[in-house]
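Me: I'd like to learn how to read a helical protein model. Could you walk me through one, a feature at a time?

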Amino acid sequence: MASKRKRATTPREDLSKPSKWRLQHGPITAPERATDPETGVPVQRRRAVDTLGMLLENGSITPQMHEAAEIFRTQFRAAALDGMRTMPLIRVARGTGDTLTERHVSARQKVLAAIKHVGGMDSPAGSSLWHVVGLECSIREWAMQQGWNGKALVPAHGQGILVCALGTLVEHYGLAPRSRRTAAVVMPPPSPAEVAASRAAQA
C-alpha cells in the first residue's frame, strides 16, 4: 500500500502575541491584565511604545520638539502620504484614480516646506522626518534599512539626526521659547568734576 503523504500544515499565528508586521513598527510593552469597562471581562492589553514619547521622557528632546513633531505628523496624515514613496509630494501617478482635494494639496505643501526647511528630502534630517515622524518607523528601522545616501546608520547616529531635525522644526513652526531679554544697562554721563579729574590725571 502506498503510504499516505502528509499534508504540509502552515503554522498558525499566535494571536495572543503581536504579529511580525506589528513588531517591525516599534516595540510593544508586556501584556497588562485589566478589566474591560463595558463588559467587565478580564482582558490583556499591550501598549505601543511611541518613539517620540520615549525621547521626551528620557530628556533627549524638549516639549517644543515633541510638539513640532506632532504638528508635522498631523500634516503628514492630512496629506495622505502614508502609502506614497518619498517623492513626489504634489504629483500623483496617472491611472490611479486618486484625486487630490484642496486639503490634501495644502497639507502636502506644508510638509514640503518643513522638509525643505531642514535641508530637503535628500538630507539626513529630511529623511528622518519622513520615515520616523511621518511613517512612524522606529529609529533603528530607519537607520538600518533606509539610512542616508544609500548607507546604513548606527541607531545612535540616527537618533542624533532626528533630534537635530526636530530642533530645526521648532524654529520653523515658531515654537521656540522667547529668550529673556536682558535689560540694557545705561551708564549715566560723567559729571564735570569727573571730567576735570580725568583730564588732570592725563596731564
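Reply: Happy to! This is a predicted model.

Me: Which residues of H3 are buried?

Reply: Burial is read from relative accessible area, with buried meaning under 20%. In H3 the buried residues are Met65, His66, Ala68, Ala69, Phe72, Arg73, Gln75, Phe76 and Ala78. Their cover includes helix H2 (51-57), H4, helix H5 (124-134) and helix H7 (155-172).

Me: How do I describe the way two helices pack?

Reply: Two packed helices are described by the angle between their axes and by the distance between those axes. For H3 and H5, the axes come within 10 Å and cross at roughly 80°. Angles of 65 to 115 degrees count as roughly perpendicular, so H3 and H5 are roughly perpendicular to each other.

Me: Which residues meet where H3 and H5 are in contact?

Reply: From H3 come Ala69, Phe72, Arg73 and Phe76, and they meet Leu129, Trp130, Val132, Val133 and Gly134 in H5. The residues of this contact divide into seven nonpolar, one polar and one charged.

Me: What about the largest nonpolar core: how many residues does it have?

Reply: That core has 34 residues, and those with the most contacts inside it are Phe72, Leu129, Val133, Leu162, Leu166, Leu169 and Tyr173. H2, H3, H4, H5, helix H6 (139-146) and H7 each supply at least two residues of this core. To look at one member, leave aside the neighbours of Tyr173 within four places in sequence: Tyr173 is then in contact with Ala68, Ile71, Phe72, Gln75 and Ala114.

Me: Is Ser123 buried or exposed?

Reply: Ser123 lies in the loop between H4 and H5. Its relative accessible area is 11%, so Ser123 is buried. Not counting residues up to four places away in sequence, Ser123 touches Val118 and Trp148.

Me: And where is Ala113?

Reply: Ala113 sits in helix H4 (residues 102-117). With a relative accessible area of 34%, Ala113 is partly exposed.

How values were computed:
Residues numbered from 1 in each chain as written. Predicted model: local features only at pLDDT ≥ 70, side-chain atom pairs only at ≥ 80, totals over all residues. Heavy atoms only, no water. Helix = DSSP H or I, 4+ residues; strand = E, 2+ residues; numbered from the N terminus. Buried < 20%, exposed > 50% of the residue type's maximum accessible area, 1.4 Å probe, protein only. Contact = heavy atoms within 4.5 Å. Axes fitted to C-alpha atoms, helices over the stretch in contact; angles between N-to-C directions. Parallel < 35°, antiparallel > 145°, perpendicular 65-115°, else oblique. Nonpolar A, V, L, I, M, F, W, Y, C, P; charged D, E, K, R; others polar. Core = buried A, V, L, I, M, F, W, Y, C linked by side-chain atoms within 4.5 Å.
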